[in-house]
Amino acid sequence: MNYRHRSYAAFILLALIGLALLSLYLLQPPAAKPANAPVDEFSAERAMRHIEEIAQEPHAMGTEAHAQVRTYLLEQMQQLGLNPQVQEATAANGAAVGYVYNLLGKLQGRGITGKAILVLAHYDSQPNARGAGDDGAGVAAILETVRALKETKKLEHDLIVLFTDGEEYGLYGAKAFLKHPWAKEVALVLNLEGRGTQGPSMTFELSPENGWVAKQYIEHAPYPFLSSLAYEIYSRMPNDTDFTVFKDAGYSGLNSAFIDGFVHYHTATDSPENLSLNTVQQHGSNLLALLQHFGSTSLNKTKAPDTVFFNAINGWVINYAQWLNILWVAITAILLVAVFIVGVRKNAFTIAQVLIGFFSFLVLLVIVVGLFVPINNLVLDLLPSSHYSAGVYSANGFLIAYLLLALGLFLLLCWLALRWLQVLALTMGMFLLQFILVAILFFTIPNATYLLMFPLLFSLAGLIFILWKDLHEQPQLNLGFVLVLLIASLPAIFILMPIVQVVFIAFGLQLPVGSLALFVLLLGLLLPLLSLAEHSFRWGRVPLLPLLLVVAGSIALLIALQNEKPSPQQPLQSYVNYYIDADSSKAYWASIYQTTDNWNRQFFGESSYEPLSEIYPHAQRNYLKSKTEVLSVAAPVAELLADSVYGDERLLRLRLASQRGAAHLEVVLQPQEPGSISSIALAGEPLTLTPIDAQGGKVYHAMLHGLPQRKEVQLEVRLKAASSLTLYLYDQSIGLPEQLVKTSKPVHVIAGPGRASNLTVIRKAYTF
């Protein structure tokens, strides 16, 4: 190849890289506004002051820190003129009950519409998390938004502010609010969430029949970021937020969150110093603008047929009626047929070559994506912690490494395939495969069809123009060939590349194949350009560019792995709990993971990996456990308040209390006669009964999340008159007994995320 050819190749590579980076850059949050910004605007710096107060330490429901945050928020709501009230209530979630303290306030509108807008975020944190992003950012954004609203024209509708309690343990606060009289006034719900500490604030969930809500959001949010693909994916996932409660109850609305920085999610590093001011700015600026709009807009009809919507470039969002998919798919099909006919007539490929190209690209896709299964498993084995589900600190580093490797492998396999196939034959085969995928999406997830349809549509348009103008002949000598394909690739890059990043950030090393499959499909649309670049940089017959990309990807992967080394800024997440059986005076250390780290290894010298049956009669899950010293601590109390018999039914009413001020209670009921229990009510809430196989017969398991300030509740059990009952009562507190921890946590170790980490659990058995 001569210098001119390589200049074209360099131009192609730089153009593609530049467009890809631009597509990601344009979706980044706006610059944060300082504290001295105009008072009628949202300031991230002002909001951060609230976050710093809220996220000083973990504040899970039932803890003293939780009560302190509640006091602070009530003071702020009072200063804003919201006339706050505390809704002290209970809510059930299957076999669990939450005792919540919801915080409510109202900003009166100037009209008498009978309609209200509900804006909410939860103020409780996970047990080991400081909760700056989840959900201190949402709470602070609402407080700062209300302050800014009071500096502007009064809204027509009432604005209800709700800071829910118990979201992290079971959406209890949102469920409890539905019992409040104000719930009947709500016509629209806006929820703010956080699943990380940075990145764009995404509106990832909307209520069904979202056409009206989506249209209003797109037109009035200053920094919109949403897609009907996310809407479709999230609706099929088991994940829940407070918004789920309102969506299921038939309310209209939307749910926004940021997801980058997932490694900090539910941990002590979910702290103000790790929270992006720019992210908070987008979170709040969108909320302020939406409330200003919705606050004076008719809320009589908030439902309309679902539409298709997605970000194209920067703040430009494409939105169209779902039925138009039929038109776009039809046009794509016509173009596919036209390109096929013109290509055959121009001798660019034959029918047989296209069929071979179809199967070749399918095999190529499977090989590239499939190779990342062992690659990813190797990476997981090399991580300093085996608990990869908690995320990695160098998520973007791993993304770059994986994309470089995928690109190198893709070009290497294309180099092999193109020894027997013409590049346009392989490209046409890839187009055929993409159209099949478009058809599958059209019939199964119509609102996600755009993801592959528009990139394919424009790529087909570019190729038919090239064939029509004979630009495919000697493309290395024709700048027009490159320019046309670059223009045709714009929709593919600007639609697919951001989704590749978002999917990788969302699922990380737990499931990287999804984003890599999308990336390979994007590379397929860019195949003629990439093939030209690869061919121009060959060294004799050696495919130099693919090999260099594989080497670069490998180096980037090693750097990403090195960057995972634990440090005070990137602490290791460690798991250990402490359990006591007060009746047998035995105690155990236990971890949900079989592997240990340099810190928690001190607890598991002589250990086994089996169910924790010494503590739970129905234990099934394996734990790494070892015996240890019994701490002298007061056990939970079950006091008989009433024991009466009516006919063949016995009613037991018990007072359950934690003498040591624990955060939660756990109850296991084992009747002497199987099936004799007819009903259970905990804290006044009837529970769903599910018998569980256990030692000595069936048992019933229940939880009370968030013990009230008096640290006691009542349990009511109805059972057969002649039956006796064994009650296993547990109280849970967050944190380990310091006097039993020989080596304190170093600065590079923190408690692992989740509700089953860093607990002290005391069990006491009672018979009635």
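Rings of Phe, Tyr and Trp (its six-membered ring) pair if their centres lie within 6.5 Å; planes under 30 degrees apart count as stacked, over 60 as edge-to-face and the rest as tilted. Such ring pairs link Phe310, Tyr320, Trp328, Tyr450 and Phe454 into a cluster.

This is a predicted model, in which local features need pLDDT of at least 70, side-chain atom pairs count only at pLDDT 80 or more, and totals for chains, interfaces and linings use all residues. Residues are numbered from 1 along each chain as its sequence is written, and side-chain values use heavy atoms, with hydrogens and water left out.

The whole structure holds 26 aromatic pairs. Take Tyr99 and Tyr101: their ring centres are 5.8 Å apart and their planes meet at 55 degrees, so the pair is tilted. Both residues, Tyr99 and Tyr101, are buried (under 20% relative accessible area; exposed is over 50%, partly exposed in between, with a 1.4 Å probe and protein chains only). Arg70 sits over the face of Tyr101, 4.2 Å from the ring centre. For such a contact, NZ of Lys or CZ of Arg must be within 6 Å of the ring centre and within 35 degrees of the ring normal. Lys469 lies over the face of Trp468 in this way, at 4.4 Å.

Next come the strands. Helices (H or I, at least four residues) and strands (E, at least two) are DSSP runs, numbered from the N terminus. Two strands pair if DSSP finds at least two bridges between them. An open sheet of five strands runs in the order E15-E16-E21-E18-E19, with antiparallel pairing. Its edge strands are E15 (637-646) and E19 (685-686), and each pairs on one side only. Inside the sheet, E18 (residues 677-682) and E21 (residues 712-720) pair over five bridges. Leu682 has Leu715 in E21 as its bridge partner.

Charged side chains make further links. A salt bridge is a side-chain nitrogen of Lys or Arg within 4 Å of a carboxyl oxygen of Asp or Glu. By this rule there are 26 salt bridges. Arg710 and Glu88 form one of them, at 4.0 Å, N to O. Arg710 is in the loop between strand E20 (700-705) and E21, and Glu88 is in strand E1 (residues 85-93), so the pair ties together parts 622 residues apart in sequence. Arg710 is partly exposed, at 49% relative accessible area. Glu88 is also partly exposed, at 44%.

Lys346 and Asp470 form another salt bridge, with the closest N and O atoms 3.0 Å apart. Here the two residues are 124 apart in the chain.
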